[in-house]
Amino acid sequence: RVVITGLGGATDDLEFWDNNPVLELYDCRYVNNPKVIADNHNEVAINNAISVDLTGQMTAETTFGTRMINGPGGQSDFVIGAALSPGGRSITCLPSTALDGVVSRIVPVLDEGTMVTVPRNYADYVVTEFGIASLMGKTVRERAAELTAVAHPDFRADLKKKARELF
């Protein structure tokens, strides 16, 4: 079945939506409720991020500090729900760089004023084109090593140096 929280403007074919037994439409207060999400065994939450710091804090909302790009949507709800789900996991995907490779999206620390969408204690897997960082249950130093390994190679040396200074 497909659980949705809105038609998303897809009203061209109302017959598809009307009385379709595959579709279930619920209010977002239900769909995005971490308790409801956690009731699904092996829940997998797949989201994206703008940047991730070496501790695993993630923003999907702001860049360069307070510059608003997006709202949180249900990202934190699904990340927490997946963490509480038996066998659940959360995967955050992002390219390793921005601005045509000039800026690393894995950073030592988030800029002042950045809105944290996912706190580090709920960070599970982070995926870039260079691999998968497994963060859940790891120390800050282990997290920094995992994230540095999936950062763009041009930024790894600086990230390692900064991690040694910070942690």
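A residue counts as buried under 20% relative accessible area, as exposed over 50%, and as partly exposed in between. With a relative accessibility of 39%, Tyr30 therefore counts as partly exposed in this structure, which is a predicted model.

**Figure 1. Overview of the predicted model, a protein of 167 residues.** The secondary structure of the protein comes to 6 helices and 13 strands, and the C-alpha trace spans about 60 × 35 × 25 Å along its principal axes. Of the 167 residues, 37% count as buried, while the accessible surface comes to about 9600 Å², with 53% of that area belonging to carbon and sulfur atoms. Among the contacts between residues at least 6 apart in sequence, 61% join residues that are at least 24 apart.

**Figure 2. The aromatic pair of Tyr26 and Tyr30.** A search of the whole structure finds 1 aromatic pair. The rings of Tyr26 and Tyr30 have their centres 4.7 Å apart and their planes at 40°, so this pair is described as tilted. Tyr26 is found in the loop between strand S2 (23-25) and helix H2 (28-31), and its relative accessible area of 31% makes it partly exposed. Together with Val3, the residues Tyr26 and Tyr30 make a nonpolar surface patch of about 250 Å².

**Figure 3. Strand S8 and the strands that pair with it, S3 and S12.** Strand S3 (residues 44-48) pairs with S8 in the parallel sense over 5 bridges, and here Asn48 stands opposite Cys93 of S8. S8 and S12 likewise pair in the parallel sense, over 3 bridges, with Ile91 standing opposite Tyr125 of S12. In a regular strand the side chains alternate between the two faces of the sheet. Strand S8 (residues 89-93) has a covered face made of Ser90 and Thr92, and an uncovered face made of Arg89, Ile91 and Cys93.

**Figure 4. The hairpin of strands S12 and S13.** Strand S12 (residues 125-128) and strand S13 (residues 131-134) pair in the antiparallel sense over 4 bridges, and the hairpin that they form has 2 residues between the strands. Within this pairing, the bridge partner of Val127 is Ile132, which belongs to S13.

**Figure 5. An open sheet of 3 strands, in the order S5-S4-S11.** The pairing in this sheet is mixed. Strand S5 (58-59) and strand S11 (106-107) stand at the edges, each with a single partner strand, so one side of each is left without a neighbour in the sheet. Strand S4 (residues 51-53) pairs with S11 in the parallel sense over 2 bridges, and the bridge partner of Asp53 in S11 is Val107.

Figure 6. When its neighbours within four places in sequence are left aside, Val103 is in contact with Ser96, Thr97, Ala98 and Phe155. The C-alpha atoms of Val103 and Asp154, which are 51 residues apart along the chain, are separated by 9.9 Å.

Conventions: Residues numbered from 1 in each chain as written. Predicted model: local features only at pLDDT ≥ 70, side-chain atom pairs only at ≥ 80, totals over all residues. Heavy atoms only, no water. Pairing = 2+ DSSP bridges. Patch = residues over 30% accessible without salt bridge, like charges linked within 9 Å, V, L, I, M, F, W, Y side chains within 5 Å. Areas by Shrake-Rupley, 256 points an atom, 1.4 Å probe, with all protein chains shown as cover. Salt bridge = Lys/Arg side-chain N within 4 Å of Asp/Glu carboxyl O. Buried < 20%, exposed > 50% of the residue type's maximum accessible area, 1.4 Å probe, protein only. Contact = heavy atoms within 4.5 Å. Phe/Tyr/Trp six-rings, centres within 6.5 Å; stacked < 30°, edge-to-face > 60°.
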